[in-house]
Amino acid sequence: MTLTPTVALAAPHAAVTHLTTEHRVAPINVDVESPRFGWNITSTERNQRQTAYRIVVATSEAGLSNGRGVVWDTGKVASDRQIAVEYEGEALEPSTAYFWKVDVWDANGRLIRPGSEVASFETALLSDDGETNWDGAEWISMADKEPNSPGMPMFRTDVDLAKPAVQDARLYISSLGVYDAYINGERVSVPQGDGETVELLTPGWTNYDVKVNYMTYDVTDMVRAAKQDGGELAVGAVLGNGWFNSSISNGANYYSRNGNPLALKAKLLVEYANGTTESIVTEAGDQWRATDTGPYRFDGVYDGQDYDATMEIPGWSEADFDDSGWAGTVESPYESTFPDAVLTAYPGETARIMDEMSPQPVSLSVHTGVTNEESSPNGRGEVVVDESRSVSGDAAADAEVTLAHGETAVYDLGQNMVGVPKFTVSGDEGTAIRLRFSEFLNDDSEGADGPEGSVYLENLRGARATTNYILSGDGMETHQDSLSFYGFQYVEVTVMTEGAEVTVHDVQGKVGTSAITDIGRVTTDDQYINKLFENTRWGQRGNYLWIPTDCPQRNERQGWTADTQVFANTALYNGDSSWFLSHFMDSFIDTTELYGPDGAQFTSVSPGAAFSFLSQRGISGWSDAGVVIPWTLWQMTGDDTIIDDSWGAMEKYLDWIHEQTGDSWAGQGAVFGDWLSFQHTSNQLTSDYYYAYSTSLMSQMATATGRTAEAAKYDDWFANQKQAFLDKYVVDDPVAGVRILSSLPTSGFALTNGGIPEDDTQTALLWALKLGFYEDDEQRDQMIQLLADNINATDEFVANHGPQGTQTIETTRADYAPDTISVGFLGANIINPVLTDVGRGDLAYTLLHQDEMPSWLYSVKNGATTIWERWNSYSIEDGFGPASMNSFNHYAYGAIVEWMYEDMAGISKDTANPGFKHFFLQPHIDPTGEITEVEGEYRSPYGDITSAWSVDGDAFSYEFDIPAGTTATVRVPAASADVVNVDADVDVEFMDGVAEFMLGSGSYSVTSTLG
């Protein structure tokens, strides 16, 4: 048959673009039976929207026109849905390419022409048992190699491709450990931008006892090249310990103190032009051979990498290599040890080296010794700098320096980053150099761990974080680590061999990240606010590496769940991270079933079992990530699949809390509370808040997915939680007014950061206002005033919250400047949004601009290029914060950026219409006058939203774009409705200095006069 769309007039000035499958463009690893499709509409016409669509899927691009091989044709469907349209056609075949297009009818019933571009996707193996469609591939390990014995295993095989021309080739590969894969001497790479790049630490980190990921690569060109070179093909891989065989996994079911044998599993599927196929698979025996005598001597997630270039094996991954001296391979015990573990296709973009993000050195400093130990304040002295060999500025990127034994070169990359070093050196064979990595240089403060100017390493704790490299002596040699990663701004290079010299020709930092696609940004006319935004983006890049980690440098690097949930909304505005967080959520559920109490309370970290002893206690705020993350993903993407996928675990968690606390309606406890806050709130109070918060989110998600009974149950729970809170914590004295008793003692084990709980803390007041936990508007107004007084640290507030007032201790607000933040991890993401929502945007902006400690700009003005773990991680006056827990790349406090998108730039989601089907454009101008221009943009599921405003005196100007298929409620500041000018016909409503009106899609301009 020939596919002919329903006849209709063509819609001018419109196009159907950005076709996605499983929220990605042209994926080749789709591993679900019913993939989800999505698309955007662009149009120069206003008020455009979709009224109907027709999707056609076929096994060839030609089939979309001639009807051959069509596996799904929806026909014309009257619907405005553009997000997560599930496939309902014939059963998909594994390892098969499919092509699809969508016809769209616009608001006037016109067919948009030309139609959409042709999109494609490929299925992966469509199995998770590790056997089906793997064609007999086995997990193989190097024969007779003991775990943790010297040298990392290298595998290889040769195959004669004596077949017709190669049509396509796909490599499906996984490892227990991490791998670098090779075909005929070339490292397997992935498309990135206009070129290719290599990945870092594939296949990532999962709970290996229940799940391992495999990756899919299009290696057609590599295999064709082998065919043209004679037909013989070599496949090779280097394995590293990764997370599988590392102390980072201590406590996990798969962890062994004696070491785990590393293993490889792979299938190379070759399709020939005549329609036949051939599979090359890993199998135990002599067909695949292995050695540990190569240059990869040692690696570890915490430890770094040791590489001996004198042990390189030329041609090892090429055809015709003589591997007769290599060992054979044996079947790994993995499947017999964990027979129920599944092997699944990784659902997103892999972590990779991003050259376009990688910084160049801004200075090179050569150190020849230490001086002034006796006269320095801390007795550590300062480094002796050889100024003749030191360079700063642009010249540092190209500088060469020759170092003698014991001399050190320190490269400043100008940006705290996460990834690996790449360096070029020359020197004699066997000469050893050492590279160490740090986020800061030592000063002369008490907390420094070395002479001033040297690299500061104490905050790494037990992480070795070192590259040891032995030169081959073969001229200029270039090396880039691939089996570990580091968090660093500074690279220290030292010659370790006595009597030797080494010339360092080049040192670079190569960024490795899973946050590869930016989809949002906010800029202002304030350089410090712009720097805060960029620091947050860099924090996300650094800590989104396969999983969302807390920090990338010390011996921790765990997937802490509170950090993840408070930052999730910011992350989804900043980058294309929905698949990343969805995959994490999948792993999080696995971790909870394995290590959570009763398999119900979500854990504090995921994957793995680190800190599992804490997860056995109440960990509100951390465990609630299991509810907050799915809700946030649903809100930002408009795809409710995540709700269904997570519902069982979420419901089990809420029921478990209720079993623990019953009709007290109290939370289960919070070991961490409002972590690292300067003003301590009762841990139990934070637990009660989060129990109620998760309950409210469950009600919303239940309603959205048709779970009517569950929605009613959670609404009832929330009402009970509110009343229990009011009865327990809120005092409404006729004279003294409203108080929140956030100093009430916490039962059970709790970490307090050394603080003593106080009443009326910022966090306590913020959460009460956010949840609506007050009796009436009068109580609400009093809470707002209490919050303002706390932030302002007024004399009255300080006096009333001390020994002369209602507390036995003096409030910590007396210790810090007025208009500073005293919240921790569980308050930082809500303080400015709540202040703005309750009409105190002036305080929100005051806090944004504050640069005294504790504040966001305090770190910026103390040299930060990422977000710090502590408000006081470092200061020029006092030096370093506590080294036992002091990361300089820790994104949680970067959650302020959510407010920068939603309230400063004004691009704000409407929770009643997830995915920005309807949203708000509601910029809040800066009453301090320090910011007069803001531009924001965000690529929503429906297309680009832009928002740009400026203030000049009392003149407000605003330009914005609303994507086709959506509507927006616009709210702008104005003196009255009469002074609002919109280049569209709208009905303007006015209240309390804000003009409001509704608009459909299009580009618009608004002006107003401010009061």
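How many salt bridges does a search of the whole structure find? The search finds 47 salt bridges, a salt bridge being a side-chain nitrogen of Lys or Arg within 4 Å of a carboxyl oxygen of Asp or Glu.

## Basis

This is a predicted model, in which local features need pLDDT of at least 70 and side-chain atom pairs count only at pLDDT 80 or more, while totals for chains, interfaces and linings use all residues. Residues are numbered from 1 along each chain as its sequence is written, and side-chain values use heavy atoms, with hydrogens and water left out.

Side chains of opposite charge can pair when their charged atoms come close. Asp80 and Lys917 form a salt bridge at 3.4 Å, N to O. The pair links distant parts of the chain, 837 residues apart: Asp80 is in the loop between β6 (77-78) and β7 (85-86), and Lys917 is in the loop between β45 (907-909) and β46 (918-921). Strands (E, at least two residues) and helices (H or I, at least four) are DSSP runs numbered from the N terminus. Asp80 has a relative accessible area of 40% and is partly exposed; buried means under 20%, exposed over 50%, and partly exposed in between, with a 1.4 Å probe and protein chains only.

Asp103 bridges to Arg113, with the closest N and O atoms 3.0 Å apart. Asp103 belongs to strand β8 (residues 97-105), and Arg113 to the loop between β9 (111-112) and β10 (119-122), 10 residues apart. Asp103 is buried at 5% relative accessible area, whereas Arg113 is partly exposed at 32%. Glu122 and Arg170 meet in a salt bridge at 2.5 Å, N to O. Glu122 is in strand β10 and Arg170 in strand β13 (residues 166-176), 48 residues apart, and both residues are buried. A network of salt bridges links Arg461, Asp550, Arg554, Glu556 and Glu869.

## Aromatic pairs

A search of the whole structure gives 73 aromatic pairs. Rings of Phe, Tyr and Trp (its six-membered ring) pair if their centres lie within 6.5 Å; planes under 30 degrees apart count as stacked, over 60 as edge-to-face and the rest as tilted. One of the pairs, Trp622 with Phe672, is tilted, at 4.6 Å centre to centre and 35° between the planes. Trp622 lies in the loop between α7 (612-615) and α8 (625-637) and Phe672 in the loop between α9 (641-661) and α10 (683-704), so the contact ties together parts that are 50 residues apart in sequence. Both Trp622 and Phe672 are buried.

Tyr690 and Trp767 form a tilted pair, 4.9 Å centre to centre with 55° between the planes. Because Tyr690 is in helix α10 and Trp767 in helix α12 (residues 762-771), the pair ties together parts 77 residues apart in sequence. Tyr690 and Trp767 are both buried. Ring pairs also join these two residues with Tyr689, Tyr693, Phe718, Phe725, Tyr729 and Phe773 in a cluster.

## Charges over rings

A charge sits over a ring if NZ of Lys or CZ of Arg is within 6 Å of the ring centre and within 35 degrees of the ring normal. Lys265 lies over the face of Trp134, 5.2 Å from the ring centre. The charged end of Lys861 sits over the ring of Tyr528, at 4.3 Å from its centre.

## A mixed sheet

Five strands form an open sheet in the order β45-β46-β50-β53-β52, with mixed pairing. The edge strands, β45 and β52 (989-991), each pair on one side only. Two strands pair if DSSP finds at least two bridges between them. β46 and strand β50 (residues 967-973) pair in the parallel sense over four bridges, and His918 stands opposite Thr967 in β50.
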